[in-house]
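Here is a short report on one protein chain. Look at the sequence and the 3D view, then read on.

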Amino acid sequence: MTITWISSHNTAAYITLDSQGRIYVSADARRIIKLPDKSGFYLTMGYDLEAQRLIVAKPEDVSADVEPFKFDNRAYCKRAAAILKGAKLDKHAPPIRFYMIGDGEASKQAHLAYPPGTYAFALRD
């Protein structure tokens, strides 16, 4: 008999747009991006329509002419509708989950052509 042990800790780095209209950043994604663990933070967010990738960065790391999203101390932001509309993801029913591509900064990965300081998350159905 073979036993496959299952951890209660999810080690996936992801961002979820949930059915309550919130954006959630997982603990592992926060750790990789170097976001605070128990206090609020800001993220600048964009979407690559062609590749269906959510691109995020700390506002101090990238120059973008947009207002950053404000997250509370639980890593939630109540602005998922802005992402759904801006990314033309209205056809998808929440929750929608984007998983981090690679294990860190997108610009340091040869197969991703995004600016320094950004992190890429791929849409998976």
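Is D37 buried, exposed or partly exposed? D37 is partly exposed, with a relative accessible area of 48%. The cut-offs are simple: buried means under 20% relative accessible area, exposed means over 50%, and partly exposed lies in between (1.4 Å probe, protein chains only).

## About the model

This is a predicted model: local features need pLDDT of at least 70, side-chain atom pairs count only at pLDDT 80 or more, and totals for chains, interfaces and linings use all residues. Residues are numbered from 1 along each chain as its sequence is written, and side-chain values use heavy atoms, with hydrogens and water left out.

## The sheet

Start with the strands. Helices (H or I, at least four residues) and strands (E, at least two) are DSSP runs, numbered from the N terminus. Here 8 strands form an open sheet, in the order β5-β3-β4-β8-β7-β1-β2-β6. The pairing is antiparallel. β5 (69-71) and β6 (76-77) stand at the edges, each with a single partner strand, so one side of each has no neighbour in the sheet. Two strands count as paired if DSSP finds at least two bridges between them. Strands of a sheet pair through backbone hydrogen bonds, either parallel or antiparallel.

Now follow some of the pairs. β3 (residues 41-48) and β4 run antiparallel, with 5 bridges. M45 has V56 in β4 as its bridge partner. β4 (residues 53-57) also pairs with β8, again antiparallel and over 5 bridges. There, R53 stands opposite A122 in β8. β7 and β8 are antiparallel too, joined by 4 bridges. F98 has L123 in β8 as its bridge partner. How many of the 7 residues of β8 are buried? The count is 6, and β8 is mostly covered.

## A loop residue

E105 lies in the loop between β7 (96-100) and β8 (118-124). The E105 side chain reaches the backbone nitrogen of G117 at 2.6 Å. This is a polar contact: a pair of N or O atoms within 3.5 Å, where within protein one must be able to donate a hydrogen and the other to accept it, and residues adjacent in sequence count only if both atoms are side-chain atoms.

Leaving aside neighbours within four places in sequence, E105 is in contact (heavy atoms within 4.5 Å) with P116, G117, T118 and Y119.

## Salt bridges

Side chains of opposite charge can pair when their charged atoms come close. The structure holds 5 salt bridges (a side-chain nitrogen of Lys or Arg within 4 Å of a carboxyl oxygen of Asp or Glu). One of them joins D28 and R31, with the closest N and O atoms 3.4 Å apart. D28 and R31 both lie in helix α1 (residues 27-33), 3 residues apart, about one turn of the helix. D28 counts as buried at 10% relative accessibility, whereas R31 is exposed at 56%.

Back to D37. R30, D37 and K38 are linked in a network of salt bridges. R30 and D37 meet at 3.5 Å, N to O. D37 and K38 meet at 3.9 Å, N to O. R30 is buried, with a relative accessible area of 8%. K38 is exposed, at 69%.

## A surface patch

M1, I3 and W5 form a nonpolar patch on the surface. Together they have about 530 Å² of accessible area. I3 sits in the segment before β1 (14-17). Patches are made of residues with over 30% relative accessible area and no salt bridge; like charges are joined within 9 Å, and nonpolar side chains (Val, Leu, Ile, Met, Phe, Trp, Tyr) within 5 Å. Accessible areas come from the Shrake-Rupley method with a 1.4 Å probe; for residues, only the protein chains shown count as cover.
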